[in-house]
Amino acid sequence: FTNQTESAVDVDQPIFQPFPSQIEFFGYEPFKKYEALLCLRNNDKFGRRVKVLPLNSPYFSIAAAKKKGKSGHEEESGKVAPGMEVQYKITFSPKTTDDCGVDLIVATEREKYIVPIRAIGVRGALDFPDEIIFEHTIVKDTTTKSFLVQNVGQKATSFQLFASPPFAITPTFGNLEIGEMLQCTASFTPNALGVLRGEVYIRYDSGEVACSQLAGRCEEAEVGLSAEVVDCAPTFISK
C-alpha cells in the first residue's frame, strides 16, 4: 500500500483522525433520509492514502466526497496531503423508529479502525422521583413509601428496578405502555444509627440505566417503663 515506513503519528493513534469519532442520528422518522458528514484528517507529515470499507447495513450508505488540497483546488485521486482531510457523506434511511447501527471500517496505510454509526430511536421514559427520603425510622424496623411511576416517553418500555441495601423496592420489573402508570413501593430497613444513603437503579430494555437517590434517618427508639417500682402480690409454690 505504501513504501513510506516513517510516520510522525504515534502507533496508538490513527494516521487519519475521524471527526466526529462517532456518527449519531436522533429524532428520525421512518422512510425519510438523513445525512451526516465524516471527515478524516491526515495527521502525518507525509501524504497518505485512506479508504473506507462498504457498510453492511440496509439502512446506511456511504459516499466519498472530493478532498481538497492545500491550494483549495479539488483533487481527483491520490494521497491526502499532510493536515488535509477527506470527507464522506453517510446517508441513513430508517424504516422504523427503532435503534440500529453499524460499524464503519477505515483502512489507512498502517492500520484499520472503527467509526461507530448509531441511530438512537424513540425511548420509553419513567417519571421517577429524583429522591426518596425516609424520616425517623428505628433500627431493624421497616418504613415504606409508595408512589406512582408513569411512562412519559414516546414508546412502550420494559424495565427493571434495583435498590442498594438497606433499601429495597417492589416490583423489581415492569412493562408500561405510553402514558400508563404503575405503583411502586420503596422500603427502608436500617441496621445502624445515622443518615444512610443509597440508590435505586432503573434499567431500561434498551440497556440504558438511570439512577435516583435514596436517603433515610435511623434513630434510637425511646423505651421506658411506666413505673419505677413494680410490686408483685404474694404468691405460693404449688405442689
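**View 1. A nonpolar surface patch that includes Val 209 of strand E18.** Val 209 belongs to strand E18, which covers residues 209-219, in what is a predicted model. Together with Phe 162 and Tyr 201, Val 209 forms a nonpolar patch on the surface, and the accessible area of these residues together is about 260 Å². Val 209 itself has a relative accessible area of 45% and is therefore classed as partly exposed.

**View 2. Strand E10 and its pairing with E2 and E9.** Strand E10, residues 112-120, pairs in the parallel sense with strand E2, residues 23-26, and four bridges are found between them. Within this pairing, Ile 23 stands opposite Ile 117 of E10. Strand E9, residues 100-108, is joined to E10 by eight bridges, and here the strands run antiparallel.

**View 3. The largest nonpolar core, with Ile 23 among its members.** The largest nonpolar core has 24 residues, of which Ile 23, Phe 25, Leu 40, Phe 60, Leu 104, Val 106 and Ile 117 touch the most other members. At least two residues of this core come from each of the strands E2, E3 (34-42), E4 (50-52), E8 (85-92), E9 and E10. When residues up to four places away in sequence are not counted, Ile 23 touches Ala 36, Leu 37, Leu 38, Ile 90, Val 115, Pro 116, Ile 117 and Arg 118. Another core, of 19 residues, lies apart from the one described above, and Phe 134, Val 149, Phe 159 and Phe 188 are among its members. As a general background to such views, nonpolar side chains tend to be buried together in soluble globular proteins.

View 4. Glu 85 and Arg 41 form a salt bridge in which the closest N and O atoms are 3.8 Å apart.

View 5. The side chains of Arg 123 and Asp 99 meet in a salt bridge, at 2.7 Å from N to O. Distant parts of the chain are linked by this pair, with Asp 99 in the loop between E8 and E9 and Arg 123 in the loop between E10 and strand E11 (131-138), 24 residues apart. Asp 99 is partly exposed, having a relative accessible area of 38%. Arg 123 also forms a salt bridge with Glu 208, whose closest N and O atoms are 2.7 Å apart. This second pair again links distant parts of the chain, because Glu 208 lies in the loop between strand E17 (194-204) and E18, 85 residues from Arg 123. Glu 208 counts as partly exposed, at 39% relative accessibility.

**View 6. A salt-bridge network of Asp 44, Arg 48 and Glu 109.** Asp 44, Arg 48 and Glu 109 are linked with one another in a network of salt bridges. For the model overall, the count of salt bridges comes to ten. In general, side chains of opposite charge can pair when their charged atoms come close.

Technical notes: Residues numbered from 1 in each chain as written. Predicted model: local features only at pLDDT ≥ 70, side-chain atom pairs only at ≥ 80, totals over all residues. Heavy atoms only, no water. Patch = residues over 30% accessible without salt bridge, like charges linked within 9 Å, V, L, I, M, F, W, Y side chains within 5 Å. Areas by Shrake-Rupley, 256 points an atom, 1.4 Å probe, with all protein chains shown as cover. Salt bridge = Lys/Arg side-chain N within 4 Å of Asp/Glu carboxyl O. Buried < 20%, exposed > 50% of the residue type's maximum accessible area, 1.4 Å probe, protein only. Pairing = 2+ DSSP bridges. Core = buried A, V, L, I, M, F, W, Y, C linked by side-chain atoms within 4.5 Å. Contact = heavy atoms within 4.5 Å.
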